Amino acid sequence: MGLAHSHDHSHGHGGHAHSHGHAHSHAPKDFGPAFAIGVALNTAFVGVEAACGWLYDSMALLADAGHNLSDVLALLLAWGASEAAKRPPQGRFTYGFKSSTILAAIANALLLAIAIGAILIETAHRLFEPSEPQGMVMAIVAGIGVAINTLTALLFMRGQEDLNIKGAYLHMAADALVSLGVVLAGLAVLWTGIALIDPLTSLAILAVIAWGTWGLARDSVKMGLLAAPETIDVEEVRGHLRALEGVEAVHDLHVWPMSTTETALTAHLVMPRGAGSDAFLREAARSLRDRFGIGHSTLQVERDEDAACEHPC
């Protein structure tokens, strides 16, 4: 029996072979300042935008403020998760705290859903009892939001290989577009005097938030249930392993996310003709890393010819 486990460097000993590489990405170590700046800027802006929305009767501004508040919480969760993911394994947490990034994604989806419900109730009230928002105030405040959200997105433009960082980038970039929509709505109110433009814009913002929330909730729940990443075709992985020299069958194949950035695999390879050296196992792990981005693979070799019939392949 042989075993190969893939991590960060290469060595072999006894009946085990360890092959490590950098095809998977770890949470960047230098994004702490980016998170700190993003949280500080957006927290200050949420206070200003919410106050202006309340004082000048603009549901569009209040909806955008609610959205930005959820962004602050999302940034805090992503920041905390990325820091926790760096902690080494300890005690019963043999994988460390990598999966905290998955929990953060699920929590973000729940927070967004709560924000949507609260804003929707107030927006419905304003549709039936419209007030007169100040179009120029809407445009100016939301314009500040465009600048802040764009700046925050730029802080996360690099590091796109980390899904946690990429999520922060895409969220803030989308927020810049939402704020731009509020600017246009404010100018429309200013030019036409039609008060209903404000709550209708709020509904449009809520639709954008709901669409993003559904995608985030769907993907994060799948990861929480340890579903294989959508970028990896499990049957293609199985075929790749079966095509390796000397492999007659593959069973007990499992592929799952360890975090939002790392994927793990375990599989049994039936090799009755006695192949499966340390060099073979290291090469198999390397091929999984290079072709599928699976950075943590554990392969067990079985010599029993009957194993191919006893297990589903």
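## Helices α1 and α2

Helix α1 (residues 32-55) and helix α2 (residues 59-84) have axes, taken as lines fitted to C-alpha atoms over the stretch in contact, that come within 8 Å and cross at roughly 160 degrees. Angles run from 0 to 180 degrees between N-to-C directions, and those under 35 degrees count as roughly parallel, over 145 as roughly antiparallel, 65 to 115 as roughly perpendicular and the rest as oblique; α1 and α2 are therefore roughly antiparallel to each other. The residues of this contact between α1 and α2 divide into 17 nonpolar, seven polar and two charged, where Ala, Val, Leu, Ile, Met, Phe, Trp, Tyr, Cys and Pro count as nonpolar, Asp, Glu, Lys and Arg as charged, and the others, Gly among them, as polar.

## The model and the chain

This is a predicted model, in which local features need pLDDT of at least 70 and side-chain atom pairs count only at pLDDT 80 or more, while totals for chains, interfaces and linings use all residues. Residues are numbered from 1 along each chain as its sequence is written, and side-chain values use heavy atoms, with hydrogens and water left out.

The protein chain has nine helices and six strands, which are DSSP runs numbered from the N terminus (helices H or I, at least four residues; strands E, at least two). Of its 313 residues, 48% count as buried, a term that stands for under 20% relative accessible area, with exposed over 50% and partly exposed in between (1.4 Å probe, protein chains only).

## Other partners of α2

Helix α6 (residues 197-224) packs with α2 at an angle of about 20 degrees, their axes lying 7 Å apart, and the two helices are therefore roughly parallel to each other. By class, the contact of α2 with α6 has six nonpolar, three polar and one charged residues.

The axes of α2 and helix α4 (residues 135-155) come within 11 Å and cross at roughly 20 degrees, which makes α2 roughly parallel to α4. Among the residues making this contact are Leu-61 and Leu-75 of α2, together with Val-137 and Val-141 of α4, and by class it has seven nonpolar, three polar and no charged residues.

## Thr-263 in strand β5

Thr-263 has its place in strand β5 (residues 263-270) and is buried, with a relative accessible area of 10%. Not counting residues up to four places away in sequence, Thr-263 touches residues including Pro-229, Trp-256, Met-258 and His-296.

Technical notes
Contact = heavy atoms within 4.5 Å.
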